[in-house]
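Me: I would like to learn how to read a two-chain model one feature at a time. Please give the general idea where there is one, then the case at hand.

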Amino acid sequence: MTDVEPGTLTAVADVAAALCLLAGAFLTFAAGMGVVRFPSLLARMHTVTKPQVLGLVLLLLALALRVRSWSAVAMLVLVVIFQLVTAPVAAHLVGRAGFRTGKVDESELRPNEMDPGAVDDDR
Amino acid sequence: MSPPPSRRGVRRRLRRLVGQWPALLILATVWVLLWGDLSWANALAGLGLGAVVVLAFPLPPIRADGRFRLVPACVLAGRFVADLVVASFEVAFTALRPGPPPQGAIVRVRLRNPDDVFLTLTAVLSTLVPGSLVVEAQRRTGIMFLHVLDIEASGGAAGVRRDVLRLEERVLRAFASDDVLARCDLPRPGRPADEAPRGGRDDAGEES
């Protein structure tokens, strides 16, 4: 794909790549800010799963638009898939471990429908 | 792969290899993608390594009562991408805006169908997409506990339940068999977006 005429098509791809890079960098930055600013473990996990994932996807998309070689794009797609599959699982495990070991301040959660008494009683 | 070559064991392994051909194919594809070019050597090495992985790390078979539907799957994928963008920017702005952090909450959602595959898909997607994070999931009953970052912006506990049930409905429409759909009370020709009142029915039973 590198033999595309160096005309409008490559210019459009470059501009799109630049926009994706900027948006991805912004989201990744915001994810870092969230980890620092949010007060609780569970709230921090939100920034790890959403802005961070989309930020990485956008950065890799920009890379694909700029590099324009199929083997590189295939590898980037692989990275995106694994990121989408593993990030929620990792966040879930961290959150669950925090909950079970009492690292989560449950008084700050309103409503908290995880009352031990409310679990499992209706079926 | 060399230990006691009793005939039964060999046959059992062969059957497992044949039975798990999708896993074999996926592993080979990943191997080829990692090397970055498609050649016979890469494809065969991928298949060989895949066979080793399938035999050395056996997993229980996935019992899925499902079939693939193209149009609902496209609806699911399209909504997923749109929701991912919206959710990401929402969380990003929540992280950056000045002022105190939003009010978090734990919401309990009972899914229509507790089958492993659909429960897993719904849980993964609902962690990535709306403002929620799965904290605990019970396979037996199909109940998920979600942490919500900003309960007010998500429309309260009822709003979260409605969103997750709609997401599950899109997953079921894309991948579940007709049997499952009928059992879950989802008519075939409907559109996911028109099902607003259906989510409310499950809510009523939950406020015990």
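Predicted model: local features only at pLDDT ≥ 70, side-chain atom pairs only at ≥ 80, totals over all residues.

Me: What is the secondary structure of chain A?

Reply: Chain A has four helices and zero strands, giving the order α-α-α-α from the N terminus on. Of its 123 residues, 32% count as buried. Among the contacts in chain A with a separation of 6 or more, 70% are between residues 24 or more positions apart.

Me: How do H2(A) and helix H3 (residues 51–67) of chain A pack?

Reply: An angle and an axis distance describe such a pair. For H2(A) and H3(A) the angle is about 15 degrees and the axes are 3 Å apart. Angles under 35 degrees count as roughly parallel, and H2(A) and H3(A) are therefore roughly parallel to each other.

Me: Which residues of H2(A) and H3(A) meet?

Reply: On the H2(A) side they are A:Thr47, A:Val48 and A:Thr49; on the H3(A) side they are A:Pro51, A:Gln52 and A:Val53. By class, this contact has three nonpolar residues, three polar ones and no charged ones.

Me: Now chain B. How many helices and strands are there in chain B?

Reply: Chain B has eight helices and three strands, in the pattern α-α-α-α-β-α-β-β-α-α-α along the sequence. Of its 208 residues, 32% count as buried. In chain B, residues 24 or more positions apart make up 65% of the contacts with a separation of 6 or more.

Me: In what order do the three strands of chain B form a sheet?

Reply: The order is E1-E3-E2, in an open sheet with antiparallel pairing. E1 and E2 of chain B are the edge strands, each pairing on one side only. Neighbouring strands are turned by 25 degrees against each other on average, with direction ignored. H5(B) packs on this sheet, touching E2 and E3 of chain B, and its direction makes about 155 degrees with that of E2(B). Helix H6 (residues 156–175) of chain B lies across E1, E2 and E3 of chain B, at about 45 degrees to E1(B).

Me: How many bridges join E1(B) to E3(B)?

Reply: Six bridges join these antiparallel strands. One pair to look at is B:Ala105, whose bridge partner in E3(B) is B:Val148. As a general point, the side chains of a regular strand alternate between the two faces of the sheet.

Me: Why is E1(B) described as largely enclosed by the rest of the structure?

Reply: The description is a matter of burial: five of the six residues of E1(B) are buried, so the strand is largely enclosed by the rest of the structure.

Me: Does B:Val54 count as buried or partly exposed?

Reply: The cut-off for buried is 20 or more C-beta atoms within 10 Å. B:Val54 has 19 C-beta neighbours inside 10 Å, so it counts as partly exposed. B:Val54 is found in helix H3 (residues 40–56) of chain B and touches B:Arg16, B:Leu17, B:Gln20, B:Ala23 and B:Leu24, leaving aside residues up to four places away in sequence.

Me: Last, the interface. How many residues of each chain are in contact with the other?

Reply: In general, the size of an interface is often given as the accessible area lost when the parts come together. Here residues are counted instead: 33 of chain B are in contact with 38 of chain A. H4(B) gives the largest share of the chain B side, eight residues. By class, that side has 22 nonpolar, eight polar and three charged residues.

Methods
Residues numbered from 1 in each chain as written. Chains lettered and ligands numbered in written order. Contact = placed C-beta atoms within 7 Å. Helix = DSSP H or I, 4+ residues; strand = E, 2+ residues; numbered from the N terminus. Nonpolar A, V, L, I, M, F, W, Y, C, P; charged D, E, K, R; others polar. Buried ≥ 20, exposed ≤ 12 C-beta atoms within 10 Å, placed from the backbone. Pairing = 2+ DSSP bridges. Axes fitted to C-alpha atoms, helices over the stretch in contact; angles between N-to-C directions. Parallel < 35°, antiparallel > 145°, perpendicular 65-115°, else oblique.
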